Amino acid sequence: MNIFEHVLFEIRSARSVLIVSHVRPDGDAIGSTVALARSLKLAGLKVVAWNEDGVPERLLFLDPDGAVTRPDTYCGQFDLVIALDTATKKRLGERTLAAISEACPDEAPRWINIDHHVTNARFGDLNLIDTEAPATAQIVFDLIQVANLPLDAITAGALFVALSTDTGSFQYSLTTAATFETGAALIRAGADVGKLSTLVYDSMPKRRFDLMRRLLSSVEFHFDGLCACMTALRRDFADTGAQPEDTEDMINLIRAINSVVVALFVEELDDGMVRISMRSKAPALDVSMICSKLGGGGHSAAAGARKRGRVEDVRNEVLALIHESLQRN
Ligand SMILES: [Mn+2]
């Protein structure tokens, strides 16, 4: 059996499946979760889908039936957990992991880990990791195809948005002819490109615009303009009414600047932690290496971490690591 057959065998033998994805979920995490949960349900399986932070407001249209909930709303046993788009178990969130233990007091469930992050820790009993895949949604789509699982318009739409958002709408370097072929197959299966793209790329609450205006004025340049750093403080959220999810993709505003090789986004969280997001435009400068040193991970061109401390201290520590990497390149 190849890995796909193994995964499908496990899924078909399961009595009850739980699908989970990482905290602060993006389009790929939610889209892949909605799609796999829906397809398996349509195939007659018993499926529950959780995300620690729930579905962000801007992605609610992907999940019209509210299939993805926060954890702890389920009493019952799972014999299979499928983690999507998540490099380490810890990234699933504390409450999610605790709720899984509570739901399965007698026997630990089997774990399937489906992901495309280079830093994936292979924490599953089965690990379907393809670091060449531009999105986890691509792997989920391949599974659905190979197994001949149902692919209705909602499933196709969720996969399309996941693929589109993780590739910067089919622009990043991992985008290949096969990615467009998958996009085409999803359109044939009922994904409405115009409608979905407007919902994803052409709509924002005013509070996000207000936050963006403030964050743009926080931008600082370092190392002869090679690095741009944007900082979001708690008071920026308080003053604008913005939510943490409103910072999504804000880093692309500074990544796009010609001189910038490394873009850094620093966000002060409520719990004394600081969230770090990084983007690299130089193939030789791997930001997942820098983020690994800070306890995080990701892809070579896009990575992140969380660290306890004051914003200024964490920012200076990260800038020192970036400086080191720039000098080596
Ligand atoms: Mn992804």
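So, histidine 116: it's buried, at a relative accessible area of 3%, where buried means under 20%, exposed over 50% and partly exposed in between, with a 1.4 Å probe and protein chains only. Keep in mind that this is a predicted model, where local features need pLDDT of at least 70, side-chain atom pairs count only at pLDDT 80 or more, and totals for chains, interfaces and linings use all residues. Residues are numbered from 1 along each chain as its sequence is written, and side-chain values use heavy atoms, with hydrogens and water left out.

Now the rings. Phe, Tyr and Trp (its six-membered ring) pair if centres lie within 6.5 Å; planes under 30 degrees apart are stacked, over 60 edge-to-face, the rest tilted. That gives four aromatic pairs. One of them is tryptophan 111 with phenylalanine 123, edge-to-face, 6.2 Å centre to centre and 80° between the planes. Both of those residues are buried. Then there's phenylalanine 170 with phenylalanine 180: centres 5.2 Å apart, planes at 35°, so tilted. Phenylalanine 170 is buried at 16%, while phenylalanine 180 is partly exposed at 48%. Ring pairs link Phe160, Phe170 and Phe180 into a cluster.
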